[in-house]
Amino acid sequence: MRLSVWKLFLTHYPKPPLHSAMSGVKIHAMPPSQNAVGPAIMAQHIGCGGLAMCNLMEGAHKTEDFTKINPYQHIPTLEDGDFSMGESNAIFRYLALKYKPELYPTAEPEKCGKIDFAMDAFVGEVYKHHMPVVYVVMGFRQASDDQAAANKAYSDALAKWGQVKQCRHETPS
Ligand SMILES: N[C@@H](CCC(=O)N[C@@H](CS)C(=O)NCC(=O)O)C(=O)O
């Protein structure tokens with residue numbers, strides 16, 4: 001029998017400390033979503049808000065109200081008062097710029113460039129390998145015909161992503 005981490009999660013998930021009734025920035029998300037959980041953790045870390053549970057399995061992202069705040073019906077979606085936006089990396093930048101500017105120091109373009117390189121490479125280069133491994137373990141997807149190859153591809157993609165940090169970033173003289 002295949003272990004469904006997701007079913008375990010639904011059974012045991014405690015109410016998060018910051019839920020839909022919370023004040024501050026809401027990050028509509030659910031913990032198993034790789035794209036969504038990062039911005040929720042960041043909001044909580046900064047202390048400006050946190051995760052508002054959006055259960056994709058119940059279609060919470062397909063409602064009329066949700067579609068008004070993100071026409072793509074995706075998580076993460078941020079709500080900050082009357083303002084709303086989607087896209088995980090854009091949300092990271094917004095949170096930093098508004099609530100913790102030292103995390104995205106716009107006076108240092110090389111640092112911001114490196115941050116953007118890492119974030120975009122994760123979405124563009126790593127996530128496609130994340131899905132056929134982690135989401136299989138969580139019970140969202142069927143295993144691949146060659147799961148060992150999928151596992152290796154994910155491991156390789158993560159190792160390469162780790163090299164982003166080492167890339168040169170000196171300020172040109
Ligand atoms: N490029 C988007 C991708 C967001 C995305 O695909 N989110 C998934 C969850 S991991 C989702 O909302 N899926 C619901 C659906 O497509 O119906 C981002 O980085 O925020």
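In what pattern do helices and strands follow one another when the protein is read along the sequence? The pattern is α-β-α-β-α-β-β-α-α-α, with helices (H or I, at least four residues) and strands (E, at least two) taken as DSSP runs and numbered from the N terminus. The model is predicted, with local features requiring pLDDT of at least 70 and side-chain atom pairs counting only at pLDDT 80 or more, while totals for chains, interfaces and linings use all residues. Residues are numbered from 1 along each chain as its sequence is written.

**View 1. The whole protein, with its 6 helices and 4 strands.** Of the 173 residues, 16% count as buried, a residue being buried if 20 or more other C-beta atoms lie within 10 Å of its own, exposed if 12 or fewer, and partly exposed in between, with C-beta atoms placed from the backbone. Among contacts with a separation of 6 or more, 58% join residues 24 or more positions apart, a contact meaning that two C-beta atoms, placed from the backbone, lie within 7 Å.

**View 2. The largest nonpolar core, which has 16 residues.** Such a core is a set of buried Ala, Val, Leu, Ile, Met, Phe, Trp, Tyr and Cys residues joined through C-beta atoms within 7 Å. The residues with the most contacts inside this core are Ile 27, Ala 29, Ala 40 and Ala 43. Strand 1 (25-29), helix 2, strand 2 (49-53) and helix 4 (88-99) each supply at least two of its residues, and helix 2 gives the most, with 4 residues. Not counting residues up to four places away in sequence, Ala 29 touches Ala 36, Val 37, Pro 39, Ala 40, Leu 51, Cys 54, Ile 75 and Pro 76.

**View 3. Helix 5 (residues 109-137) and the residue Gly 139 just after it.** From its first C-alpha to its last, this helix of 29 residues reaches 39 Å, close to the 42 Å expected at 1.5 Å a residue, where the expected span is 1.5 Å times one less than the number of residues. At Val 126 helix 5 bends by about 55°, the bend being the angle between axes fitted to the seven residues ending there and the seven starting there. Just after helix 5, Gly 139 takes a positive phi of about 85°.

**View 4. Gln 147 in helix 6 (residues 147-162).** Gln 147 counts as partly exposed because it has 13 C-beta neighbours inside 10 Å. Gln 147 and Pro 132 are 15 residues apart in sequence, and their C-alpha atoms are 8.2 Å apart in space.
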